[in-house]
Every structure is written in C-alpha cells, then in structure tokens.
Amino acid sequence: MSCGLTSVGTLQASYHTSELIMSRFEGTEMYAPNFDMRSHQASHYGQAGTDLFGHYKKQVRWWMSQFAYLLDALKKRPDGGGTMRDTALVVLCSEVSDGNTHSHHDMPFILGGRANGRLSTGRALTYDNVRHSGLLTSIAHAMGQNVSFGQDSPGPLNGLLS
C-alpha cells in the first residue's frame, strides 16, 4: 500500500469456528504451555466469571492490542502530507456480536484511521436495529464509490462521514 501498488487490503486473522490454539502464543498473557485453549472454544464462554470467560477476555485484549499495533504502524509511515493512518480506513469486526449466543444484534465495529478526512473520528456511535450493510455502504462512499450493499440497505449511516 505504501508503494502505491494497491489501495485496498484485507487481513483475516481466522474464521468463525477457529481452532486457532491461542494458549500457545508465547509471550502473551494467554500463554499456557501444554494447554489447548482454542479461539472458538473460548468464544463460547458460558457465564461471566468462569474460567472460559477469563480466557475469552484475554483473547479479546490480545486482538485489540494487535489492532492498536497496526494503527500505530500506519501512523509511523508517511503518506502524502500526513501518515498512512490519516489516509487509511481500517475496520475491525467479527461475524457475530456474541459468540456465546451466536447473536447478530448490536454488532460492534471499530473503525481506525481518518479515510483522507472523510471520517469523523473520536466518537462512539450507536445505530439501533440498523443492518451493517449501512456501514459497508458508508465505507464505499468514503472511498468515492456511490454503491449500496444488500436489498434492505439503509444507505450511508447518518453522522459517520464528514
């Protein structure tokens, strides 16, 4: 991206029923040699306060630290008159809002970067009962593409873009 070969990239860490053994990530708080705690297993954590819930929280903290690492790396790379973080839009998401219940209600998405000033930043927004196709439509509009996603797309989300 910094050399101009492409302006869009995708990084998928795993898939929805991941058997990724996160307890083997040496140097992390999750590390437990000779103990297999898979990502999918921890996402079905049961009740808050259980051992599985503790493993789940450790995994979420690790994923968030990796997201922060990426945004920090983008901030350190020059791009035009600013940095790659100024020109980028990075989306962090999962395919469910709660792995324990397989819920899709109240889906959390985190956006990082400024999308060349097209994104108003530093806010937490809530769009009750709106499909995430509106977020995808907003991202496309931020990239200069006047498209929408899905039959029931609400169009771009109000207040998300500058």
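Modeller: A residue is buried under 20% relative accessible area, exposed over 50%, and partly exposed in between (1.4 Å probe, protein chains only). This is a predicted model, so local features need pLDDT of at least 70, side-chain atom pairs count only at pLDDT 80 or more, and totals for chains, interfaces and linings use all residues. Residues are numbered from 1 along each chain as its sequence is written, and side-chain values use heavy atoms, without hydrogens and water.

Colleague: Cys-3: buried or exposed?

Modeller: The relative accessible area of Cys-3 is 65%. That makes Cys-3 exposed.

Colleague: And which class does Cys-93 fall in?

Modeller: Cys-93 has 48% relative accessibility. Cys-93 is therefore partly exposed.

Colleague: How many disulfides does the count give?

Modeller: The test is a pair of cysteine sulfur atoms within 2.5 Å. Applied here, the count is 0.

Colleague: What share of the protein is buried?

Modeller: The protein has 162 residues. The buried share of them is 26%.

Colleague: What volume does the largest cavity have?

Modeller: On a 1 Å grid over the protein atoms alone, a cavity is a set of points where a 1.4 Å probe fits but cannot get out; a pocket is an open set with protein on both sides within 12 Å along at least five of seven lines; lining residues have an atom within 4 Å of a point. Points join across faces, edges and corners, and volume is the space filled by probe spheres set on them. The largest cavity holds about 30 Å³.

Colleague: Which residues line the largest cavity?

Modeller: By class, the lining has 3 nonpolar, 3 polar and no charged residues. The names are Met-22, Ser-23, Met-30, Met-37, His-55 and Gln-59.

Colleague: Which strand gives the largest share of the lining of the second largest pocket?

Modeller: The second largest pocket holds about 870 Å³. Its lining has 30 residues, with Met-107, Pro-108, Phe-109, Leu-125 and Tyr-127 nearest the centre. The largest share is 3 residues, from strand 4 (residues 110-112).

Colleague: How many charged residues are in that pocket's lining?

Modeller: Asp, Glu, Lys and Arg count as charged; Ala, Val, Leu, Ile, Met, Phe, Trp, Tyr, Cys and Pro as nonpolar; the others, Gly among them, as polar. The lining of the second largest pocket has 14 nonpolar and 10 polar residues. The charged ones number 6.

Terms used:
Helices (H or I, at least four residues) and strands (E, at least two) are DSSP runs, numbered from the N terminus.
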